[in-house]
Amino acid sequence: MKSISTGTTATRENIRDDVDEFARVLVSLGVRAGSKVTIWATNVPQWYLTFWATTKIGAVLVTMNTAYKIHEAEYLLRQSDTHTLVMIDGYRDSNYKEIMQELCPELAEKKPGEALHARRLPFLRNVITVGFRMPGAITWEESFEYASQTPIEEVRRMAAAVDVNDVANMQYTSGTTGFPKGVMLTHYNIVNNGKSIGDGMDLSTADRLMIQVPMFHCFGMVLAMTSTMTHGGTILPIPYFSPKSSLACINNEHVTAFHGVPTMFIAMLEHPDFEKTDFSFMRTGIMAGSPCPISVMRDVVDKMHMPEIVIVYGQTEASPGCTMSRTTDPLEVRVATVGCAFPEVECKIVDPETGEDCPDEVIGEFVARGYNIMKGYYKMPKATAAAIDADGWLHTGDLACRTPEGNYRITGRLKDMIIRGGENIYPKEIEEFIYTHPKVSDVQVIGVPDEAMGEEIMACIILKEGEEMTSEEMKQYVRDHMAKHKVPKYIDFVDSYPMNDAGKIQKFKMREMAVEKLGLQKAAGIVTA
């Protein structure tokens, strides 16, 4: 591992020794098998050491979104029963130090070596700070003074007692509906999914994978870190995504692979440093999170020298991969589908109403079953039962169909489906068509409330630089090529979309913004004063 932020390089032997040392620290601070250790940080070296040390002794690493503010942080730390928190001082407009001082005023009175007892966070006992000091907390460097209190033999004993089916990690879903849920992933889930992904990318000890996607998400933790580690490759973490930093890393470190959502690839392609970046060592990577226009994928393959780039589909509850395209698949297959099922993972399409299997090319709900499915949602048995049926199938809530060749095509979300006057309309179908207009850079289609039709279609379009277009021009373009009921009633030209910190577009926020912008509160059932 080489940290791009610090310039430090660590061999496997160095990492093992550091992990063992920090594991001794955690045990000395009262962490036991099953204890929750939360990491609230960008992709800094301490993130990785905390992950491996925590999971080695049978404790559970809880990942916290770097964009969280006080309300979300308090909920996660309380709901997860966090015992020890490892944190940096903040990221962008989130000041973690101020947040923790407000949540735990008791920190200011705590003496060194004492366990914390906070009213709002009753399970929290320790706060370890990375790169800064805070009254009542232990700095990362100071924490190693506690290692001597626990012999290495105790760490080895705890490691030997870990079962592959024990929970290793908890990741919190975005909570677009209700409160966020803690997804419990086991050692078996994570290691095997990472191994399958590495196999699919043909990773080896020669590969050098840049990690620019956030580690608090499975994209970074499993698809990047774990897949590389299981194949003996080198990881090159960047604290957070920046096209300039990423291009510099590629140029200087002979990177052979990296992952990203489409917006990351587009930002790199359009950056002034792109033309002077050496991509000759590049080979593969994963694009995931949202659909990618074929023109962008062609640029990635040709201009970034990534002929073996693949697509992975899944969700956190599946740790996260369910399907993956092959490095040998034609480009059209890698853009139009999300590939076929992983080895030892069953995937099928079922009718959302009846639960019956759908034939090929018929849209239904994507469900999956196998070693990769989560153990459940932490302390939420009803939500777990709603997500995983009695036969072990995870119901993803994604609409999809299976092709005769055995690949899967994601068509949208069950809740994204627009029902206009009784007609089921799939946003992705309209998005894919609007993408074909030469003036369009990106498009997202959503349903907005309508008193007469129930819902109407709205297309939010980002035009290419320097292009102009009227709403009527786009409507006519769709009207000329698609059924009348698929023509958007509303066209909104925008500069960007609301996204979560993992780079996923938040359509529920777009809908909320559209209701406000178009004055559709009455149709949405919103009572205004």
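Colleague: Let's start inside a sheet: which residue in S13 does Gly260 stand opposite?

Modeller: Bearing in mind that this is a predicted model, Gly260 stands opposite Met287 in S13.

Colleague: And how many bridges join S12 to S13?

Modeller: Strand S12, residues 257-260, is joined by 4 bridges to strand S13, residues 284-287, and the two strands run parallel.

Colleague: What is the strand order in the open sheet?

Modeller: The open sheet is formed by 7 strands in the order S11-S10-S12-S13-S14-S15-S16, and the pairing is mixed. At the edges stand S11 and strand S16 (340-341), each of which has a single partner strand, so one side of each lacks a neighbour in the sheet.

Colleague: Take the S11 end, then. In which sense do S10 and S11 pair?

Modeller: Strand S10 (residues 208-211) and strand S11 (residues 234-237) pair in the parallel sense, with 4 bridges between them. The chain gets from S10 to S11 by way of helix H8, residues 218-230, and this β-α-β crossover is right-handed. If you want a residue pair to look at, Met210 has Leu236 in S11 as its bridge partner.

Colleague: Changing topic, where does Ser325 lie?

Modeller: Ser325 lies in the loop that runs between strand S15 (321-324) and helix H12 (331-336).

Colleague: Is Ser325 buried or exposed?

Modeller: Ser325 counts as buried, because its relative accessibility is 2%, and the cut-off for that class is under 20%.

Colleague: What does its side chain reach, and which residues does Ser325 touch?

Modeller: The side chain of Ser325 reaches the backbone nitrogen of Ile311 at 2.8 Å. Leaving aside residues up to four places away in sequence, Ser325 touches Val310, Ile311, Arg334, Val338 and Gly339.

Colleague: Now zoom out. How does the radius of gyration of the protein chain agree with that of a compact globule?

Modeller: For 529 residues a compact globule would have a radius of gyration near 24 Å, and the protein chain has 24 Å, so the two agree. The C-alpha trace spans about 75 × 60 × 50 Å along its principal axes, and the chain has 16 helices and 26 strands.

Colleague: What percentage of the residues count as buried, and what about contacts and surface?

Modeller: Of the 529 residues, 57% count as buried. Among contacts with a separation of 6 or more, 69% come from residues 24 or more positions apart. The protein chain exposes about 22,600 Å², of which carbon and sulfur atoms supply 51%.

Methods: Residues numbered from 1 in each chain as written. Predicted model: local features only at pLDDT ≥ 70, side-chain atom pairs only at ≥ 80, totals over all residues. Heavy atoms only, no water. Buried < 20%, exposed > 50% of the residue type's maximum accessible area, 1.4 Å probe, protein only. Polar contact = N/O pair within 3.5 Å; in protein donor to acceptor, adjacent residues only side chain to side chain. Contact = heavy atoms within 4.5 Å. Pairing = 2+ DSSP bridges. Right-handed = clockwise from strand over helix to strand, strands pointing away. Rg over C-alpha atoms; globule rule 2.2 N^0.38 Å. Areas by Shrake-Rupley, 256 points an atom, 1.4 Å probe, with all protein chains shown as cover.
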